[in-house]
Amino acid sequence: MKQSKNFLQTIVEKDLESGKNREIVTRFPPEPNGFPHIGHAKSIFINFGIARDYNGHCNLRMDDTNPTKEDTTYVEALKDAVTWLGYEWEGNVRFTSDYFAQIHEYAIKLIKMDRAYVDSVDEEEMRELRGTVTEAGKHSKYASRTIEENLEMFERMCKGEFQDGEHVLRAKIDMSAANMKMRDPLMYRIRHAEHFRTGSEWCIYPMYDFAHCLSDYIEGVSHSICTLEFENNRDIYNWVLDTLELNPPRPYQYEFARLGINYTVMSKRKLLELVEGNYVSGWDDPRLPTIAGLRRKGYTPESIVTFCDQVGIAKANSMVDVAQLEFTIRDDLNPKVPRVMCVLDPLKVTIENYEGSSEELDASYYPDDVPREGTRKLPFSREIYIERDDFEENPPKGYFRLTPEQPVRLKHGYIIACKELIKDSDGKITEIKAEYYPTSQSGSDTSGIKVKSAIHWVSGDKAKKVEVRLYDRLYSSEMPEGIEDLNPNSLQVIKDALIEPAVVTEKPDERFQFERQGYFFADPIDYTDEKPVYNKIVGLKDSWAKKRKAAPQKAQTKEKKVQIDGEVVAMTPEQESLFARYREMLKLNSEVANTLARDVDLSAFFEEALAVLHSPVNLANIITNEVAREIKQSGKEALKFTPKQIAELIKMVDDTTISNKIAKQVFEEIVTSGENPVKIVESKGLVQISDPEIIGSMIDAVIEKNPDNLEKFRAGNKKLLGFFVGQVLKATGGKANPKIVNQLLAQKLG
RNA sequence: UGGGGUAUCGCCAAGCGGUAAGGCACUAGUUUUUGGUACUGGUAUUCGGGGGUUCGAAUCCCUCUACCCCAUCCA
């Protein structure tokens, strides 16, 4: 596994360290309304993975709050997926519906707190009242119902006195919130529908935003991890849990980017369309990115987990290359599975000088570089079949296989040479007459003949006829939109491929490498001993095919795209005059003056500091850069320091008591403690070191410790000057005067 | 256009003021009875653009740009 941490692990570790959480509890909360796909695998990997990594636990919870969409068959598929991937959930499978009674109680509590109300406008009106992203919403006339009225209405909703859609329960938050999700979100709606678990017990069902956070809380979840599109919902998540004043600890939500893979689709809607429109054979069609499909195709759970690990977890929307997925399964199978020979497109070869009728050759199932044991008998006879591709009458340059002039080795067998071609009336080759070299047998070759390659083959009389299903990517477009982008050749069924008999009779495994072709999997459903069926998992890398196609080289030079800059908002007359004063009277540079003039808080802070110390440039710099950050992060009211303290700090910089670097360090201290800067410098002994002799000896020590970097520097890697400066500064705890360090270093390094 | 996010190699992705990790893909070579594997090397003078602060910026500040999400009684 990887050594670098993702942002979620960083958060978890911090929370564990700070004591915020004693145990890590996560949950995988799918809605049972569709088959899980590889995107779910990523979520499973994250949630169960974090629980496993930090000795916590992970729940499997079905988010079943919408009775009209969910079904128990999906519950089973979801459970299968988790188990198959190698994870175990804590205790029983949970259901949000288990908590319906508690959630209902919380709703009543909210009504009693006057933080929720029953609304009775119709859907259309509600949408209008909600406003738009740029316009505030308006209150519904029902928002002012009394608590008693709301309580009564909600009870009647619950009892089933109303039709679907007549009333809803909404949180009372803020109809003019900039976050649309906070404009009095719905918490309960009426649904007279049979729920697959609770039957007709309820006719009101909680919405996701209300049920999810509470379910997390009820289960004691510490980190509620979901995908990016729920970022806006985090405000409700927090609002519900905070407003209800629940006993701590409570869960917190974090979001990561969902998985996207090119040449495939991941949305439930599109997947459903493929299945229902019979574009594929079912949810487990091997071309689908569903767990069931991947599994039927022959992917191993390990390879999928590895894939999830390799693509990483971050917050940037991304589109992973399928090549990455294909790599993980090849890499997983390569050291594990037996190699066997299967001819997909047979071409008959008659070995005319072969005397006997047949013989059996010994052949290992594994190449030398795979440390596994196992052999089988390989029948050889006068008539064999080779891959049509492995013969060329007029070979291109660099062709290593059989040609009229070029002999080739039969893998594990003899070397053969082509003597004559038999063609049909269309000119298609139907048979090759060949000769073999009796002394060239694999392992005991004394013929001295050199060949360029070894090809796979099967014996004519003993080979078994099998069905092979060749899968290619489902879509031909890298970012498929819909049905029109389907790849018409995504499935090719070969009814009469020929395979060596041991594969079928001995069945040494269920996954194989068909030598020189790819990895294949015995289809778990359609395979029978009478009619074996193999699915192609993934092809081997094929650098020959690549070389042949490589003709049109893209001679693209990276052109730098020109970026158009937008217009900056004009300053008001007041800002204009302030800007002019800063520029002319105080000699500030235009960027700093600009920032200060446009920001009332910053300029006020600056003016106050300036009244204490007349050092306009240095004050302006620290205020526009460092102070600005603090105000941005925590607001000006929360600042623990005053302009006067900043002025005192800058005074020490001005009289060279401390360096700029130390000033920043002291500033950080002031930010958190609000202490007097002079005192901090005194108590920590942060006075700057400028004595060239002291610095000189430190430099010598650093140089001595880093001989290889010194060499690199002398060889021309001038970037390393920064490295050396950094080392010296580190050695002095940041106190060395960087200007002097630079000067001296430049001298010493020559 | 309001709010919330995100930008580091062809694709992912580390990095949190001091030498731009790693994987895939690509590429050159070595080994090879799989044109596979394995191994060795090559791939970002630069981090969306422009400024600023600093001895030193992918990292801090300002600003611009592009993309994604939000106006389901879905989750």
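**Around the RNA strand**

Author: Start with a base. A backbone N or O atom of Val133 lies 3.2 Å from a base nitrogen of RNA strand B. Keep in mind that this is a predicted model.

Gly165 also uses its backbone. One of its N or O atoms lies 2.9 Å from a base nitrogen of RNA strand B. Arg401 uses its side chain instead.

RNA strand B is surrounded by 98 residues. Arg401 is among the closest, together with Arg339, Asp369, Ser442 and Gln563. Which parts of the RNA come within 4 Å of the protein? Sugar and phosphate make up 61% of those RNA atoms.

What kinds of residue form this surface? By class, 30 are nonpolar, 33 are polar and 35 are charged. Helix 24, residues 720-731, gives the largest share, with six residues.

Ser453 sits in the loop between strand 18 (429-436) and strand 19 (454-455). Is Ser453 buried or exposed? Its relative accessible area is 18%, so Ser453 counts as buried, the limit being under 20%. A polar atom of the Ser453 side chain lies 3.0 Å from the backbone oxygen of Phe400.

Next come the aromatic rings. A pair of rings is described by two values, the distance of the centres and the angle of the planes. This model holds 26 aromatic pairs. One of them joins Phe605 and Phe641. The centres are 5.9 Å apart, and the planes make an angle of 70°. That pair is edge-to-face, because its angle is over 60 degrees.

Phe605 is buried, at 8% relative accessible area. Phe641 is buried as well, at 5%.

Other rings form a cluster. Ring pairs link Tyr354, Phe380, Tyr414, Tyr436 and Trp457.

The charged end of Arg250 is over the ring of Tyr252, 4.1 Å from the ring centre. The charged end of Lys718 is over the ring of Phe713, 4.4 Å from the centre.

Last, look at the backbone. Most residues other than glycine have a negative phi, and most peptide bonds are trans. The loop between helix 8 (234-243) and strand 9 (252-256) holds Pro249. The peptide bond from Pro248 to Pro249 is cis, with omega near 0°. Glu245 lies in the loop between helix 8 and strand 9 too. Glu245 is not a glycine, yet its phi is positive, about 50°. Glu245 is exposed, with a relative accessible area of 61%.

Arg516 also has a positive phi, about 70°, although it is not a glycine. Look for Arg516 in the loop between strand 23 (511-514) and strand 24 (518-522). Arg516 is partly exposed, at 33% relative accessible area.

Notes: Residues numbered from 1 in each chain as written. Chains lettered and ligands numbered in written order. Predicted model: local features only at pLDDT ≥ 70, side-chain atom pairs only at ≥ 80, totals over all residues. Heavy atoms only, no water. Near = heavy atom within 4 Å. Polar contact = N/O pair within 3.5 Å; in protein donor to acceptor, adjacent residues only side chain to side chain. Helix = DSSP H or I, 4+ residues; strand = E, 2+ residues; numbered from the N terminus. Nonpolar A, V, L, I, M, F, W, Y, C, P; charged D, E, K, R; others polar. Phe/Tyr/Trp six-rings, centres within 6.5 Å; stacked < 30°, edge-to-face > 60°. Buried < 20%, exposed > 50% of the residue type's maximum accessible area, 1.4 Å probe, protein only. Lys NZ or Arg CZ within 6 Å of the ring centre and 35° of its normal.
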